[in-house]
Amino acid sequence: MAENNRAVLKLKEKFTTSIIDVVEFRGEVTVTVAKDAIIEILSFLKQSLQYNLLTDLTAVDYLGKKEERFMMVYLLYSIPNKDRLRIKTPVAEVDCRIPTASTVWKTANWLEREVYDLFGITFDGHPDLRRILMTDDWVGHPLRKDYPLQGPDREPYKGRLS
Amino acid sequence: MATTETMTLNMGPQHPSTHGVLRLVLELDGEVIVKVTPHIGFLHRGVEKLAEHRTYHQILPLTDRLDYLAPMSNNLGYILAVEKLMAVEVPERAETIRIIMAELTRLESHLVWLACHALDIGAMTVFIYAFRERETVMETYELISGARMTSNFFRVGGLSQDVPEEFVKKVSDFIDSMPGYLDQYEGLLTTNPIWLKRTVGNGVISADDAIDIGITGPALRGSGVDWDLRRDNPYSGYDKYQFKVPVGENCDTFDRYKVRLVEMREACKIVRQALDKLKPGPVLADCPQVCYPPKENVYNSIEGLIHHFKIASEGFYAPEGEVYQGVEAPKGELGFYLVSDGGNKPERMRIRPPSFVNLQAIEKMSVGSMIADLVAVIGTLDIVLGEIDR
């Protein structure tokens, strides 16, 4: 059960006020935390609970479905303990920025550039925040839900896929 | 006194040893690399965006175009993520065939790696030999799926169809001959003084740095980290197989080369065990809400045809939730993260590409070495741009 997860127990003890939600689905534990404590929590997980590998860092756009539009997702793995933990934190559209995790793991450097490129979330303190997949002069952020699938300046496809 | 200044040199995107459309902007002090700035995205096709507009079955053909040198591994990662989301149990025969194909794919991918890596460093014979063996794997692909590269053979809940009779013999013969071929490659390379000069001590990265940068797969094991998802977080029934996980010591290109060669031998052993296990039985789960009906029902009964039409057009509705499934692809940890809002299309599909993360290490591994060694570093990282740019 999610309540007995080693990380959830410690996090609840140390960051009582910052934990928004703990969910277990198909054996995977997801902890949603407040944005202002994110770096502190990630560093704590890395230093004290041996979550030494940042497997993935990405974002999800919940346009019109949630109060805060974006959700940052950090997927951690512990090589010594062989277990995973997913940390999520909401990011509002009006204040579309979050501190960088590249101070905790170097992996985050490119992964955050990708999120910046495709979602338009700014990472404060990032060493090299440039677009990575799209060209430097690209306008818009393709993975946002309000970005058309066919790209800008084109009639939306009216077939059954649109 | 004479002063020197650094020179900026552009390498790629059209360069034979950047393995695709990778562009590197190098800052050089004579022949010594001072700074490497990779530019990627030339092959960006927006697979993650496309996936949000496709049903779960329709996404599958997009996935084998990611790492086109190991299509079945991509299919497997995606299929396992969907099966986890839908909580579908897969029949044993389907699982076993999946493992055979995943390991053959590992062989195929490593053969291309070995061929190109050796060619980049100047050993042309190995290139020709390794592509000869790869051809057999491609023929096996063609035998079971009809396509040589974009196989699209797995389905949610099992396989698209059972394998033909010749399959077992073909794979068995290949696995029997492979160790001999591997000896041949090793005879050409492992003690070859030129090979040793180019690889020993090249591209050194310590275990701590490698984990910090997020390197996974054989590149991480070459740095001495004993971690393999197939053994440590088994999926698709890998816990029923015995195999060794090779680990390097010196964190250099030569150790990564040795790790991958042992991995190829172990892959042969896994395939052999899987062939011994292979029993007749169904290859698709009995789960009509999710799976396609067998083809003979589609052709011979109206219910089967309606069923097929419904699954093909509308797909199935996934429960609300999110899952992540990582698999040990030939190049490292390949992960699929699916977020479902209860619809028949994912709200978000994220691909965790091993090559993308591994490529980040290029600066760490090549700064301070000669420009010719950069080619060896690109080879040893074993990147494929289809997966990096998605």
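**A walk through the two chains**

Mentor: Let us begin with one pair: A:Leu53 has A:Tyr77, in strand 4 of chain A, as its bridge partner. Strands (E, at least two residues) and helices (H or I, at least four) are DSSP runs, numbered from the N terminus. This is a predicted model: local features need pLDDT of at least 70, side-chain atom pairs count only at pLDDT 80 or more, and totals for chains, interfaces and linings use all residues. Residues are numbered from 1 along each chain as its sequence is written, and chains are lettered from A and ligands numbered from 1 in the order in which they are written.

Trainee: How many bridges join strand 3 of chain A to strand 4 of chain A?
Mentor: Eight bridges join them, and the two strands run antiparallel. Strands count as paired if DSSP finds at least two bridges between them.

Trainee: And what is the strand order of the open sheet in chain A?
Mentor: The five strands are ordered 1-2-5-4-3, with mixed pairing. Strand 1 (19-25) and strand 3 (53-61) of chain A are the edge strands, each pairing on one side only. On average, neighbouring strands are turned by 20 degrees against each other, direction ignored. Angles here run from 0 to 180 degrees between N-to-C directions, and axes are lines fitted to C-alpha atoms, for helices over the stretch in contact.

Trainee: Moving to chain B, how many helices and strands are there?
Mentor: Chain B has 17 helices and eight strands. Its radius of gyration is 22 Å, close to the 21 Å that the globule rule gives for 390 residues, so chain B is as compact as a globular protein of that length. The radius is taken over C-alpha atoms, and the rule is 2.2 Å times the number of residues to the power 0.38.

Trainee: What share of chain B is buried?
Mentor: Of its 390 residues, 52% count as buried. Buried means that 20 or more other C-beta atoms, placed from the backbone, lie within 10 Å of the residue's own.

Trainee: Where does chain B touch chain A?
Mentor: In total, 35 residues of chain B are in contact with 28 residues of chain A, contact meaning C-beta atoms, placed from the backbone, within 7 Å. Elements giving two or more residues to that side of chain B include helix 1 (47-51), helix 8 (207-213) and strand 6 (321-329) of chain B. Strand 6 of chain B gives the largest share, five residues.

Trainee: What does strand 6 of chain B pair with?
Mentor: Nine bridges join strand 6 of chain B to strand 7 of chain B, and the two run antiparallel. They form a hairpin with two residues between them, and B:Gly321 stands opposite B:Ser340. Eight of the nine residues of strand 6 of chain B are buried, so this strand is largely enclosed by the rest of the structure.

Trainee: One last topic: at what angle do helix 4 and helix 16 of chain B cross?
Mentor: The axes of helix 4 (residues 92-121) and helix 16 (residues 371-381) of chain B cross at roughly 175 degrees and come within 9 Å. The two helices are therefore roughly antiparallel, a term for angles over 145 degrees. Residues making the contact include B:Cys116 of helix 4 and B:Val375 of helix 16 of chain B.

Trainee: Is helix 16 of chain B mostly covered or mostly exposed?
Mentor: Helix 16 of chain B is mostly covered, with nine of its eleven residues buried. Just after this helix, B:Asp382 takes a positive phi of about 55 degrees.

Terms used: A residue is buried if 20 or more other C-beta atoms lie within 10 Å of its own, exposed if 12 or fewer, and partly exposed in between; C-beta atoms are placed from the backbone. Angles under 35 degrees count as roughly parallel, over 145 as roughly antiparallel, 65 to 115 as roughly perpendicular and the rest as oblique. Two residues are in contact if their C-beta atoms, placed from the backbone, lie within 7 Å.
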